[in-house]
Amino acid sequence: MADTNRDRVPTVICDDVHIVYRVHTGGGGKGSATAALSRIVGRGKAEVSRGVRKVHAVRGVTFTAYRGEAIGLIGTNGSGKSTLLRAIAGLLPTESGKVYTDGQPSLLGVNAALMNDLTGERNVILGGLAMGMSREEVRSRYEDIVDFSGINEKGDFISLPMRTYSSGMGARLRFAIAAAKNHDVLLIDEALATGDRKFQIRSEERIRELRKEAGTVFLVSHSNKSIRDTCDRVLWLEKGQLLMDGPTDEVLKAYERETAR
Amino acid sequence: MSDTHLGGAVATSAPPSSADEGLDPAALAAKYGLSVSGARPGLFEYVRDLWSRRHFILAFSSAKLTAQYSQAKLGQVWQVATPLLNALVYYLIFGLILGAGKGLSKDVYIPFLVTGIFVFTFTQNSVMAGVRAISGNLGLVRALHFPRATLPISFSLQQLQQLLFSMIVLVAVAISFGSYPSLRWLLLVPALLLQFVFNIGLALIMARMGAKTPDLAQLMPFVMRTWMYASGVMFSISAMLADKPAWIADVLMYNPAAVYMDLIRYSLIEGYGAENLPSHVWMTALAWALVFGIGGFVYFWKAEERYGRG
């Protein structure tokens with residue numbers, strides 16, 4: 001079959017995605033101990049019972065992302081941006097609907113694997129392995145990661161436990177580790193606002209590099225400037241629904257008009 | 001609830017004008033070979049994924065182990081001091097005050113007790129770490145993509161490393177009570193290996209249950225304590241239950257914790273001969289390991305795509 005649409009190769013397809021969080025409210029309020037017990041023992045109807053609240057975070061989002069696109073996700077706090085990102089990464093199961101992806105999308109979020117009681121050195125290794133790099137890969141990139149983070153600019157800090165770092169230093173090391181790997185589909189959740197000005201410029205550069213190597217980039221941000229600088233398409237989510245999907249300028253203008261009111 | 005639509009904004013998505021236009025999302029996905037994100041892989045693929053993560057499992061478990069005592073002034077000395085103090089407390093209460101060493105000479109009883117405590121603690125801690133493996137690491141589960149079995153296995157491995165530190169104390173105790181290194185000590189390797197496989201299986205089962213019902217973390221200490229007292233950690237089952245019906249002693253002696261404890265005691269302690277072991281003990285140890293190891297792994301894998309839901 002002769003494919004005429006050369007550039008339009010889909011990498012991520014969301015098909016009517018719904019995501020529901022179930023929150024245990026700890027049996028407080030009206031939920032008595034017996035209600036809590038029946039919740040544990042019972043099945044089926046248990047979810048309707050008091051004490052478990054459902055939060056419908058994403059309601060029926062459908063879109064297709066193509067190779068080479070950088071897509072910004074905007075919306076007010078709690079509109080479901082980060083949740084949608086996690087669903088694309090396959091980290092949160094969907095309630096109904098499906099997310100199809102090309103390869104394994106990765107979320108730029110290695111923070112959770114790092115341990116504050118360990119030295120920066122061991123955290124670099126641990127973080128690299130947690131992202132699925134091989135031991136050799138981690139070893140060969142170790143110097144780059146440390147240099148990029150700039151941790152050692154003020155003395156030998158990499159051999160100290162991470163809990164002794166200032167919050168800026170910690171954030172820099174975390175970003176340096178997370179950005180060390182190349183990804184097919186890259187998901188970035190508000191990672192650009194860390195560190196001092198000098199580091200911000202360096203990390204924006206790195207994001208552009210990653211974009212070149214990655215097939216598709218998703219960026220969640222509240223900074224309209226960084227969306228404008230990096231994205232060519234924007235999805236506007238509000239209350240878990242896709243309000244608008246289009247070129248950056250068009251959507252941002254509408255969004256700014258809405259939020260300025 | 002009512003959805004208030006903001007300012008009449010309209011979706012202005014510009015679909016590509018191409019042959020793909022008429023396709024629904026599922027057909028489009030199929031055409032370009034996209035797969036469902038976060039779907040559960042097949043069992044063999046899962047094992048392969050897990051194998052490719054072996055370095056992470058190792059690094060994660062030893063990192064946890066190191067982090068455990070990093071705030072203490074004595075640091076890693078506690079790896080050995082904690083089990084030693086534990087053994088002393090139990091000896092004081094069960095050995096000296098309650099006289100639980102019925103049927104065993106003092107040279108046998110003290111290493112018997114210390115072995116029992118260390119070996120049972122190995123299983124106990126694996127279970128407790130298993131319950132929290134998913135529910136206590138939701139941040140990690142929700143941030144990175146990896147086979148979730150990595151976590152319970154990693155925690156069991158951490159407990160094995162902890163046990164190996166305890167073994168230093170154990171060997172010292174055994175030697176000071178007249179059990180010298182011999183060829184029989186080599187049996188420690190298969191015995192510990194089988195117990196390790198059993199513990200991983202149990203940790204995997206607990207991890208899946210704990211992910212659904214985090215309350216298990218509150219309940220399990222009581223279950224584990226009952227199990228400990230029923231497994232003859234500080235007394236010889238056959239000597240203590242001599243005047244009870246024989247089937248009670250049989251049930252207690254063939255329970256996995258007692259089997260592994262007895263095997264390790266037999267390997268290590270000179271005065272604790274084969275007459276203290278139930279018959280077919282190695283087969284039993286192997287069976288427990290296989291049933292729980294394989295069963296636990298499959299049970300855990302079956303819910304792989306559901307871990308991490310809020």
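Trainee: What handedness does the crossing of α4(B) and α5(B) have?
Mentor: The crossing of α4(B) and α5(B) is right-handed, meaning that the near helix is turned clockwise from the far one by less than a right angle, with anticlockwise counting as left-handed. Helices here are DSSP runs of H or I with at least four residues, strands are runs of E with at least two, and both are numbered from the N terminus. Keep in mind that this is a predicted model, where local features need pLDDT of at least 70, side-chain atom pairs count only at pLDDT 80 or more, and totals for chains, interfaces and linings use all residues. Residues are numbered from 1 along each chain as its sequence is written, while chains are lettered from A and ligands numbered from 1 in the order in which they are written.

Trainee: At what angle do α4(B) and α5(B) pack?
Mentor: About 125°, with the axes 10 Å apart. Axes are lines fitted to C-alpha atoms, for helices over the stretch in contact, and angles run from 0 to 180 degrees between N-to-C directions. The pair is therefore oblique; under 35 degrees counts as roughly parallel, over 145 as roughly antiparallel, 65 to 115 as roughly perpendicular and the rest as oblique.

Trainee: Which residues of α4(B) and α5(B) make the contact?
Mentor: From α4(B), they include B:Y90, B:Y91 and B:F94. From α5(B), B:L113, B:V114 and B:I117 are among them. Contact is C-beta atoms, placed from the backbone, within 7 Å.

Trainee: And how do α8(B) and α13(B) cross?
Mentor: The axes of α8(B), residues 188–212, and α13(B), residues 281–301, come within 7 Å and cross at roughly 30°. That makes α8(B) roughly parallel to α13(B). Their crossing is left-handed. B:A191 and B:L194 of α8(B) are among the contact residues, as is B:A285 of α13(B).

Trainee: What does B:Y260 touch?
Mentor: B:A191, B:L194 and B:A285 again, along with B:V119 and B:Q195, leaving out residues up to four places away in sequence. B:Y260 is also one of three residues, with A:L73 and B:A203, that touch the most other members of the largest nonpolar core, which has 155 residues. Such a core is a set of buried Ala, Val, Leu, Ile, Met, Phe, Trp, Tyr and Cys residues joined through C-beta atoms within 7 Å.

Trainee: Which helix gives the core its largest share?
Mentor: α5 of chain B, residues 106–135, with 17 residues.

Trainee: Switching to B:E305: where is it found?
Mentor: In the segment after α13 of chain B. With 18 C-beta neighbours inside 10 Å, B:E305 counts as partly exposed; 20 or more means buried, 12 or fewer exposed, with C-beta atoms placed from the backbone. B:E305 touches A:P93 as well as B:G38, B:A39 and B:R40, not counting residues up to four places away in sequence.

Trainee: What about chain A, how many helices and strands?
Mentor: 8 helices and 9 strands. Buried residues make up 45% of its 261 residues.

Trainee: What are the confidence scores for the model?
Mentor: ipTM is 0.74 and pTM 0.80. Chain B averages a pLDDT of 85, and 92% of the residues score at least 70; pLDDT is the predictor's confidence in each residue, from 0 to 100. Over residues 1–17 of chain B the pLDDT is below 50, and this stretch has 20 contacts in the model beyond near neighbours in sequence.

Key
Two residues are in contact if their C-beta atoms, placed from the backbone, lie within 7 Å.
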